[in-house]
Amino acid sequence: MSGADHELIEEIRDSARDFLQRRDQRQRKRAAQADRAYWREIAAVGWLDMSVPQALGGLDLGWRAMAAVLEEAGRAQLPEPLVGAGVLPATLLARIAPVDEARRQALLRAVCAGDSLIGLAWQETEGQLEAGEAASAFGVSVIEREGAYVLNGEKRHVVPGAGVDGWLVTADGEQGTALFHLPAGTPGVTLHAHARADGSAACHLTIESAVVAADALLASDGVADAVDDALDLGRLMQSAELVGVARQVLADSVAYLNTRQQFGRPLASFQALQHRLVDAAMQVELAANSLLDALDTLAAQPDDATQRKTLASRAKARAARAGLEATRLAIQLHGAIGYTEECDVSLYFRSALHLAAWLGNAGAHRQRYGALAALPGPAADTDDGAPITHFPREADWNGMPEADFRRLVRGFFRAHYPEHLRHVPWRLHWHEIKDWYYTLSRQGWIAPSWPREHGGMALSPARQIAFIEEAERHGVARAPDQGLVMLGPILIRHGTEEQRARFLPGILSGEAVWAQGYSEPNAGSDLASLRCEALVDGDDLVVSGQKTWSTLAQDATHMFMLVRTDKTVKKQAGISFLLVDLASPGVSRRPIRTLSGHEEFCEVFFDQVRVPRANVVGELNAGWGIAKALLGFERLFSGSPKHANHALQQIFSIARQRGLLADPAFADRLAELRLDAADLTAMYSVFAELAKAGRPLPPALSLLKIWATETHERLGALLIQIAEEYGGADMRLGYGNGQVHALAPYVNALAATIFSGTNEIQRNIYAKQLGLEGA
């Protein structure tokens, strides 16, 4: 999305917030007062025709703009049925192939102007998600008789359900599904109203021999598809409303915890409560990112109906979970007052109950997503068509169709990556992987994210993800890449021209292999407590101390490290970022063997090691800001979806071999984890875009690190479970064809929840971002 588009949507959001604040929406919600005059005001500001094409008289501002309005409506608890009486009928009328264009235009204008309040009556059985699903014995049927139509049957769960001017009703006849407009009061139509959880009105319609004139028929061709499209777009807008509900109730909870005292201190200072709020906020951010990803994808590919269904179900499943978890938690955090009507929390809770259930609940949409989202096929060694033999060093990678880019990358991996190193479940040492590193370097593909002027491919986040996914699919091992993914971006942003000229070429060529020197025995997650010091001595710094948990430092030629250069100031202020040649006198190393049996980490000792002062990146004593930026890159890397997607690929491999995909219980669990991985990808893309643009990575990056590592861990646990006896085998053993290592994802995920700051520390960091006092 362009900057101009982003600014427009934010203007629409601000305008919607101002409009909604003019009245006490929450008080009106308590009385379930849907105000017809206010509905016309809503129409006057353009909300009802915001997504209607200009050719039909609408504003055609797009679904992102409409989602911004719905999110604010959820926050304000707007009583009016904006999705039910606005989005659904307007979208459906805009998408049908009308029998009478003038009739369609007149009805659409009346809806968008707020002059006609119309509901969509399509559902005939509980749990039904699509108009084209098999109808019940009581579904509405239609027959043509003497120039008129006779309708019989029932429609269920119609919203809005009272005070409407009529309904758009689907009916099945000999020619398929047709769409009719039935005004309220049509003889033979009986309304059975009932209240939703939020106090709004819904109804069931009983239609007994209702005779309607010929002009009541609006469309008879492609109706079911048009209804399904409208429903899925309505679900996306529901998701936006649920995000608004969840965001506001969490903000209210933070405010309450900051003021409510227990045991002599604010409730906000209790870490257990902080972490619960962070987990709820994480679900909200996942829902928001899933929704935006869906809307952007649909904007780029508007005619793919299967994709629209898949994305809508994914967004609704996550938003329903986020809304229910946030509102349920708010009740708990507010205590007894949260269980009363006089507390606003009850409004949000009831609203979430209504929205989460209407148009399909989370479980139904999870199953639909599992059925619709294409399962990754078995890893293939060949593509259709002639084999690729030419691999350009440079091209317009981001302008290339993604399918072509992926095929090119697959072809290169197939042609050049060593077969015996595919799908290894542990970190390879430099002597094992260096030839592949050199191959990528010669090809110019060693630094996918770096700018071209510094020797990189300058891939967009989407292409970076594609590159990573294809590498994981082929089983490409991760080389010692601290220089590529961490130091390189730091030098590009914070280093001097001289430092970039000295160090970047060595990273690209593999001549210099870098390790990270951050953690110390008493400075792990509390990194600012580091004690390894560097004393200024003329043009040198003299380094003494210890670093630990340095990944593959036994193979490294250099280390980028944090050192204390001033003990007289607060601990964050006296730290410098230093580049050290590990061949310097006074450096010694001791490998650390992990529980998996591999020497993946090292302790590194520095005894009066002299380092040129020119190796300080940035200013002396100003390394903490650089350190935080580097931690951001590390957490971004830790949040990559590649680990989860690789574990998924292994789960599919076993599941196919054992016939588990036909087991409904397993399929449901797998669908849930696939949703987790898909939403992880959406969240990662947001932060990858920021990093690519050179913008600061926000504190919400902590949520990405938490979700990525814990999703990876959940997938690893499922892999162990379905591997049966292999789930307890030595992790060097494969499963079946040897391409699956059942224990590795779970064990590797355990480590990932600890490094780069433990997940508990990440929750503490984000608790501060939420504004919790004492966090």
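Biologist: Which residue caps the N-terminal end of H9?

Modeller: Happy to look, bearing in mind that this is a predicted model. A side-chain oxygen lies 3.3 Å from the backbone nitrogen of Thr306. The cap is Asp304.

Biologist: How far does helix H9 reach from its first C-alpha to its last?

Modeller: Helix H9 covers residues 305-334, which makes 30 residues. At 1.5 Å a residue, 44 Å is expected. The span in the model is close to that, at 43 Å.

Biologist: And how many of the residues of H9 are buried?

Modeller: The cut-off here is under 20% relative accessible area. By that test H9 is mostly covered. Of its 30 residues, the number buried is 22.

Biologist: Which residue follows H9, and what is its phi?

Modeller: The residue after H9 is Gly335. Its phi is positive, near 70 degrees.

Biologist: Let's turn to charged pairs. How many salt bridges does a search of the whole structure find?

Modeller: Some of them join up into a network, with Glu10, Arg13, Asp14, Arg17, Glu71, Glu72, Arg247 and Glu285 linked. Over the whole structure, the search finds 52.

Biologist: Which residue forms a salt bridge with Asp115?

Modeller: The closest N and O atoms of the pair are 3.8 Å apart, and the partner is Arg40. The two sit in distant parts of the chain, 75 residues apart: Asp115 is in the loop between helix H6 and strand E1, while its partner is in helix H3.

Biologist: Where is the salt-bridge partner of Glu126?

Modeller: The side chains of Glu126 and Arg156 meet with an N to O distance of 2.7 Å. Glu126 is in the loop between E1 and strand E2, and the two residues are 30 residues apart. Arg156 is partly exposed, with a relative accessible area of 21%. Its place is strand E3, residues 148-158.

Biologist: Are Glu470 and Arg406 buried or exposed?

Modeller: These two form a salt bridge, with the closest N and O atoms 2.8 Å apart. The bridge links helix H14, which holds Glu470, to helix H12, which holds Arg406, across 64 residues. Glu470 has 4% relative accessibility and Arg406 has a relative accessible area of 15%. Because the cut-off is under 20%, Glu470 and Arg406 are buried.

Biologist: Which residues is Gln482 in contact with, leaving aside neighbours within four places in sequence?

Modeller: Gln482 lies in helix H15, residues 482-494. At 7% relative accessibility it counts as buried. Its contacts are Leu487, Trp514, Ala515, Gln516, Thr551 and Phe560.

Biologist: One more, please. Which residues does Gly618 touch, not counting those up to four places away in sequence?

Modeller: Gly618 lies in the loop between strand E18 and helix H17, and at 37% relative accessibility it counts as partly exposed. Gly618 and Asp215 are 403 residues apart in sequence and 75 Å apart in space, C-alpha to C-alpha. The residues that Gly618 touches are His494 and Ile626.

How values were computed:
Residues are numbered from 1 along each chain as its sequence is written. This is a predicted model: local features need pLDDT of at least 70, side-chain atom pairs count only at pLDDT 80 or more; totals for chains, interfaces and linings use all residues. Side-chain values use heavy atoms; hydrogens and water are left out. A salt bridge is a side-chain nitrogen of Lys or Arg within 4 Å of a carboxyl oxygen of Asp or Glu. Helices (H or I, at least four residues) and strands (E, at least two) are DSSP runs, numbered from the N terminus. Buried means under 20% relative accessible area, exposed over 50%, partly exposed in between (1.4 Å probe, protein chains only). Contact means heavy atoms within 4.5 Å. The expected span of a helix is 1.5 Å times one less than its number of residues. A polar contact is a pair of N or O atoms within 3.5 Å; within protein, one must be able to donate a hydrogen and the other to accept it, and residues adjacent in sequence count only if both atoms are side-chain atoms.
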